[in-house]
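Look at the structure below before reading on. This report covers the overall fold and then one residue.

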Amino acid sequence: MSVTIKRIDESFHRYEELLALIMGSFAYMDGVIDPPSSAHRLTVDSLKDKARDEIGLTAEVDGRLLGCAFLRPEPGFLYVGKLAVSPEAQGSGIGSRFLTEAEAIARDLGKPTLRLETRIELTGNHRRFGAWGFVRTAEKSHAGYDRITFIEMQKHLA
């Protein structure tokens, strides 16, 4: 499978498809995580705003949109969010390709560390990100919750 990673720029117009990709990729979380994923609040317009305000990446194979990630520069970090891979393409290396690209962008921006957050219930994600070199750095709660609802993980770039 030949995967092409592209930056979302002003020529990108596939926002409805992008929204469907994110919703389909995050659907397995429904009924598993509490509170529900913020993906449910995304709209075509909010995705356009996100792509304007952050560094959006897509993964395509033969013109088919199979993945995305959004990167947000923060003081000392490059935050990796909304990393989504179509269920049919999971395990094909797309997630790893996104993180390789995120590392290159972080270095270009002078950011020494990648940062992400994942829900406490998604232990498979914890293992996957751990295998990619991320370590758990914090346990946090969403507003209104008195228990841990998500963890922060970081990968320091050598």
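## About the model

This is a predicted model, in which local features need pLDDT of at least 70 and side-chain atom pairs count only at pLDDT 80 or more, while totals for chains, interfaces and linings use all residues. Residues are numbered from 1 along each chain as its sequence is written, and side-chain values use heavy atoms, leaving out hydrogens and water.

## The whole chain

The protein chain holds 4 helices and 7 strands (DSSP runs numbered from the N terminus: helices are H or I with at least four residues, strands are E with at least two). From the N terminus, their order is β-α-α-β-β-β-α-β-α-β-β.

Of the 158 residues, 47% are buried (under 20% relative accessible area, with a 1.4 Å probe and protein chains only). Contacts are heavy atoms within 4.5 Å. Among contacts between residues at least 6 apart in sequence, 62% join residues at least 24 apart.

## Arg115

Arg115 sits in strand 5, which spans residues 113–119. Arg115 counts as buried because its relative accessibility is 9%.

The side chain of Arg115 makes a polar contact of 2.9 Å with the side chain of Glu74, and another of 2.9 Å with that of Glu152. A polar contact is a pair of N or O atoms within 3.5 Å; within protein, one must be able to donate a hydrogen and the other to accept it, and residues adjacent in sequence count only if both atoms are side-chain atoms. Beyond its neighbours within four places in sequence, Arg115 is in contact with residues including Arg72, Phe77, Tyr79 and Met153.

Methods
Buried means under 20% relative accessible area, exposed over 50%, partly exposed in between (1.4 Å probe, protein chains only).
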